[in-house]
Amino acid sequence: MDYYTPPIYSLSVLLFLFFALLIFIGFRLFKYLLRFLRLSRSKVFLIHKYLPVSELTIWVLFLIWAIQFLYNKGYLVTIMPAIIFIIIILYLVWFGLKDIIAGVVFKTSNQLQINDHITIADTNTAGKIISIKKTFLELEDDNGRLVILPYSKITGNIVFKNSPSQSLLSHSFRMKIPYINDETDISELMDKIKSFILLLPWISQKKKPKVTIDEESDEFIVILLTIYTLDEIYFAQTEKQLVGEFAGKIINADLS
């Protein structure tokens, strides 16, 4: 084989580039569609944790095959997967380290703690900090949704720390209520519970409580409630008032 004037087979090169592009677009598309899937917090964490490793494994296997496939097509052609492999390694290293470096910068420049309420400018994101990880920040927004923010997305943005007097605290719990009779109207009962909560002086009037059915049987109904107050000392008081008014029983008290 002449290594200095190698034949280059365009079809082989195009085939190699096609599969490389297919793998690259496939992983980018999967990551994009992931935000639209309704997955649990643990599953989202596992996917974010192992997706880079999975991508690297696929690329290594593909490049091993590509080198074997293109070896007999010419020396210069064989260099192509090696160059792409180096580029991929550099990209994955940058991808893995950028959030860690940004996290160090963010933590040193922002003295934030768990349960702090923050607003991040330019991202329209606000919520309560529930976890500070090495590469991302976990927030719980006003709707109770989990928001995962990589540090590279928020470094450089202005972070507003809301004062406790302006921050609403959420508290979720279940209450088991026995049926008084067979003609109990569930929707009417839930409206009464919501109205009763809103009459309590320490309950926020800006953000309405959430009252949904969690479990139902012939003898009782379990209501899932979320209330919003300015101080956590009102959590137990609200539960006590509801138990006394509706002859209920609190189970699995704090779900937040």
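**Figure 1. A salt bridge joins Asp-214 and Arg-174 in this predicted model.** The closest N and O atoms of Asp-214 and Arg-174 are 2.8 Å apart. Asp-214 belongs to strand β7 (residues 210–216) and Arg-174 to strand β6 (residues 169–178), so the pair ties together parts that are 40 residues apart in sequence. With a relative accessibility of 35%, Asp-214 counts as partly exposed. Side chains of opposite charge can pair when their charged atoms come close.

**Figure 2. Arg-28 and Glu-55 form a salt bridge between two helices.** Here the closest N and O atoms are 3.0 Å apart. Because Arg-28 lies in helix α1 (residues 10–34) and Glu-55 in helix α2 (residues 41–70), this pair ties together parts that are 27 residues apart in sequence. Are the two partners buried or exposed? Arg-28, at 25% relative accessibility, counts as partly exposed. Glu-55, at 6% relative accessibility, counts as buried, because the term applies to values under 20%.

Figure 3. Lys-192 counts as partly exposed, at 47% relative accessibility. Glu-188 also counts as partly exposed, at 40% relative accessibility.

**Figure 4. Thr-238 is a buried residue of helix α6.** The relative accessible area of Thr-238 is 0%, so this residue is buried. Which residues does Thr-238 touch, not counting those up to four places away in sequence? They are Leu-200, Trp-202, Ile-203 and Ile-227. With one of these, Trp-202, the side chain of Thr-238 makes a polar contact of 2.8 Å. Thr-238 and Trp-202 are 36 residues apart along the chain, and their C-alpha atoms are separated by 8.9 Å. A polar atom of the Thr-238 side chain also lies 2.8 Å from the backbone oxygen of Tyr-234.

**Figure 5. The largest nonpolar core contains 20 residues.** In soluble globular proteins, nonpolar side chains tend to be buried together. Which members of the core touch the most other members? They are Ile-177, Ile-193, Ile-197, Ile-223, Leu-225, Leu-242 and Phe-246. At least two residues of this core come from each of β6, α5, β8 (220–229) and α6. The element that gives the most is α5, with six residues. For a closer look at one member, consider Ile-177: leaving aside its neighbours within four places in sequence, Ile-177 is in contact with Ile-193, Phe-220, Ile-221, Ile-223, Phe-246 and Gly-248.

**Figure 6. Ala-247 has a positive phi although it is not a glycine.** Most residues other than glycine have a negative phi. The phi of Ala-247, by contrast, is about 50°. Where is Ala-247 placed? Ala-247 is found in the loop between α6 (233–246) and β9 (249–251). The relative accessible area of Ala-247 is 56%, so this residue is exposed.

Methods
Residues numbered from 1 in each chain as written. Predicted model: local features only at pLDDT ≥ 70, side-chain atom pairs only at ≥ 80, totals over all residues. Heavy atoms only, no water. Salt bridge = Lys/Arg side-chain N within 4 Å of Asp/Glu carboxyl O. Helix = DSSP H or I, 4+ residues; strand = E, 2+ residues; numbered from the N terminus. Buried < 20%, exposed > 50% of the residue type's maximum accessible area, 1.4 Å probe, protein only. Contact = heavy atoms within 4.5 Å. Polar contact = N/O pair within 3.5 Å; in protein donor to acceptor, adjacent residues only side chain to side chain. Core = buried A, V, L, I, M, F, W, Y, C linked by side-chain atoms within 4.5 Å.
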